[in-house]
Amino acid sequence: MIVVAGEALIDLVPQGRGALAALTPALGGGPYNTAVALGRLGSPTAFCSRVSYDAFGEALLDRLRRTGVDVSGVQRGAEPTTLAVATVGADGSAAYSFYVEGTADRLFGTPAALPPGTRAVSFGTCSLVLEPGASAYEELMRDAAARGVFTALDPNIRAGLIADPDAYRARFESWLPSVSLLKLSAEDAEWLGGTPREWLAAGPAAVVVTRGGAGLTVFTRDGGEYAVPGERVDVVDTIGAGDTVNAALLHGLAVRDALNEQALGALGPDGWAELLRFAARAAAVTCSRAGAEPPYARELAD
């Protein structure tokens, strides 16, 4: 079982140009997209979050159920669902503004236990910014790591939500001793101001940096650095691409029985190249269609 912990929200995606373009609701949130992608790839997956009882919340959970994701541990609340208004650039890249005050997901409380058979827990995005839920997710991350559970982190920076960037950067650094695999975009890395080698020294066994169409690079604790190019594709938008990379990496490690730091360190150049190519291919499929629509396993079969 891979557990994905974090927010589920509604993306409002413009259907044209200009400030008053019609908006279409789409199911989203970085961790939510990761859970959907894992389910589509065939990994046993559970979602750990707090979701509204409103119609948006019901739609979010319904999609997870249809994808085969276990939602039995999802907390519920009467507060509304978080909304993220997307703006899609000419190159397909997406930027967001958020409506988060008084929403259900930020009131997440630390669960008493993870599901039986949990092999890994994935964290990231808004859930690690918005209090009081951020502290609860942080506690879950530290507890999981202390029990030897593989932990993955994608900070997926949303700068508009971060009131004190320096405080967030310090908090990010405090998470690293509890992180097995750190994945982040080149833009996230620039905003955070560190380097993969500095982050590796603080805890993770591997750091994967995504560079959009330029591909992915992994840096490993033993000094390794392995890169693959991106897959060529006609980009519709990039919504959910990074979340798909998260899922592809975790799924690929699971099928290799490498969801532990020792096995991660033993992958070597060939193992990492194969895994990164799989992640790049999965992300390309997501970019080829509108919204966060990650691929099914059959679409990635050789």
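In which loop does Pro132 lie? Pro132 belongs to the loop between β9 (120-124) and α3 (133-146), where helices (H or I, at least four residues) and strands (E, at least two) are DSSP runs numbered from the N terminus.

The model is a predicted one, in which local features need pLDDT of at least 70 and side-chain atom pairs count only at pLDDT 80 or more, while totals for chains, interfaces and linings use all residues. Residues are numbered from 1 along each chain as its sequence is written, and side-chain values use heavy atoms, with hydrogens and water left out.

**View 1. Backbone geometry in two loops.**
Most residues other than glycine have a negative phi, and most peptide bonds are trans. The peptide bond from Glu131 to Pro132 is cis, with omega near 5 degrees. Thr125 also lies in the loop between β9 and α3, and its phi is near 65 degrees, a positive value in a residue other than glycine. Thr125 is buried, with a relative accessible area of 5%; buried means under 20% relative accessible area, exposed over 50%, and partly exposed in between, for a 1.4 Å probe and protein chains only. In the loop between β10 (150-154) and α4, Asn156 has a phi near 45 degrees, again a positive value in a residue other than glycine, and Asn156 counts as buried at 12% relative accessibility.

A pair of aromatic rings is described by the distance of the centres and the angle of the planes. The structure holds 6 aromatic pairs, where rings of Phe, Tyr and Trp (its six-membered ring) pair if their centres lie within 6.5 Å, and planes under 30 degrees apart count as stacked, over 60 as edge-to-face and the rest as tilted. One of these pairs joins Tyr32 and Phe47, which are edge-to-face at 6.0 Å centre to centre with 80 degrees between the planes. The pair links distant parts of the chain, since Tyr32 is in helix α1 (residues 30-41) and Phe47 in strand β4 (residues 45-48), 15 residues apart. Tyr32 is buried at a relative accessible area of 0%, and Phe47 is buried at 2%.

**View 2. Aromatic rings around Tyr168 and Trp191.**
The rings of Tyr168 and Trp191 have centres 5.9 Å apart and planes at 65 degrees, so this pair is edge-to-face. Tyr168 lies in helix α4 (residues 165-175) and Trp191 in helix α5 (residues 186-192), so the pair ties together parts that are 23 residues apart in sequence. Tyr168 is buried, with a relative accessible area of 6%. Together, Tyr168, Phe172, Trp175, Trp191 and Trp199 form one aromatic cluster. Arg169 lies over the face of Trp191, at 4.2 Å from the ring centre; a charge sits over a ring if NZ of Lys or CZ of Arg is within 6 Å of the ring centre and within 35 degrees of the ring normal.

**View 3. The nonpolar cores and the contacts of Phe47.**
A nonpolar core is a set of buried Ala, Val, Leu, Ile, Met, Phe, Trp, Tyr and Cys residues joined through side-chain atoms within 4.5 Å. Of the 54 residues in the largest nonpolar core, Phe47, Leu64, Leu253 and Trp272 touch the most other members. The largest share of this core, 10 residues, comes from helix α9 (residues 268-287). Apart from this core lies another, of 41 residues, among them Ala5, Ala84, Phe123 and Leu128. Not counting residues up to four places away in sequence, Phe47 touches residues including Val4, Tyr32, Leu64 and Val74, where contact means heavy atoms within 4.5 Å.

The 12 residues of helix α2 (residues 55-66) should span 16 Å at 1.5 Å a residue, and the end C-alpha atoms are 17 Å apart, which agrees; the expected span is 1.5 Å times one less than the number of residues. The buried residues of α2 are Gly57, Leu60, Leu61, Arg63 and Leu64. They cover an arc of only 155 degrees around the axis, which puts them on the same side of α2; the arc is that of the directions from the helix axis to the C-beta atoms. On the other side of α2, Ala55 and Arg66 are exposed. The cover over the buried residues of α2 includes β2 (9-14), β3 (23-28), α1 and β4.
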